[in-house]
Protein chains: 2
Amino acid sequence: AGPMRESRRAPSVREIMQRNITCISETEEIKTAAKKLMKGETNHLPVINKEGRLVGIVTTYDISKAVVKMGIENTVSSIMSRKVITTSPGEAVDIAAMKLEKHNISALPVIDGEGKLIGLLSAIDLGKLFGKRWL
Amino acid sequence: AGPMRESRRAPSVREIMQRNITCISETEEIKTAAKKLMKGETNHLPVINKEGRLVGIVTTYDISKAVVKMGIENTVSSIMSRKVITTSPGEAVDIAAMKLEKHNISALPVIDGEGKLIGLLSAIDLGKLFGKRWL
Ligand SMILES: C[S@@+](CC[C@H](N)C(=O)[O-])C[C@H]1O[C@@H](n2cnc3c(N)ncnc32)[C@H](O)[C@@H]1O
């Protein structure tokens, strides 16, 4: 517990997560998702149901897939990933970083104990923190 | 110098960059770019000319933009970013991390002294390294 150990403690997700998250419902059109991604200047659009619970995630990658595979006239539910890898506000950022690596993804929705979306943690947020460590 | 200082030295880009990079020429179609992005399971496709020099970058984000704005029947040159933020093999990773942060991007093409593409450094690569620091 002394200062040595303290200086190595990883911050928790809540300290660096983004809190203003654009999200979408699964019944919306793919083009609407693309518009929201452009407007939010983000690659990740969490998909939520009426209760605010996370049910999927759509990225610019999924939209490119629609361009190649099924056309862009479908709905969000046809292209979203349903098994979402998530994190929680109290999780240590090193655990979150390992999840990104293990699953080859670049962001994790942050959910509370009830499955509600409260933020997003991206590889860029981690990169910022990482950059600072060596300054 | 001394061990204290040594332990804080940031690694250089060449130690963690990806070397097998899928890339594309600017005269190809947007759909071909989308296919290559899917095949490489990546978000970043550097655009090179005949001499292997980097002339732009196309991401899944640019393809989503084409979906919203100009349609997907155009060529890579109509959607690529031409002012590419890059890194070099000898650059320290903390400098690279700051470039990602400053420009709000998630990867940097790595170029040699002649502008030739030799790798790619992504925020995920940085995240991996970052995760390890706190293990
Ligand atoms: C496997 S990644 C590959 C592209 C690239 N490596 C990247 O970092 O985005 C792309 C896929 O991951 C999915 N995805 C992104 N974040 C996710 C998350 N937190 N949980 C589950 N799937 C996710 C997207 O829906 C998309 O289909």
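Guide: Happy to! A polar contact here is a pair of N or O atoms within 3.5 Å; within protein, one must be able to donate a hydrogen and the other to accept it, and residues adjacent in sequence count only if both atoms are side-chain atoms. With that in hand, a polar side-chain atom of Asp62(A) sits 2.4 Å from an oxygen atom of the ligand. The backbone takes part too: a polar backbone atom of Ile85(A) is 2.8 Å from a nitrogen atom of the ligand, and a backbone N or O atom of Asn104(A) is 3.2 Å from a nitrogen atom of the ligand. The protein covers 88% of the 580 Å² of accessible area that the ligand has on its own (Shrake-Rupley method, 1.4 Å probe; for residues, only the protein chains shown count as cover).

A word on the basis: this is a predicted model, where local features need pLDDT of at least 70 and side-chain atom pairs count only at pLDDT 80 or more, while totals for chains, interfaces and linings use all residues. Side-chain values use heavy atoms, without hydrogens and water, residues are numbered from 1 along each chain as its sequence is written, and chains are lettered from A and ligands numbered from 1 in the order in which they are written.

Now the wider setting. The ligand lies between chains A and B, with 16 residues around it (a heavy atom within 4 Å); Asp62(A), Ser81(A), Ile85(A), Ala107(A) and Asn43(B) come nearest.
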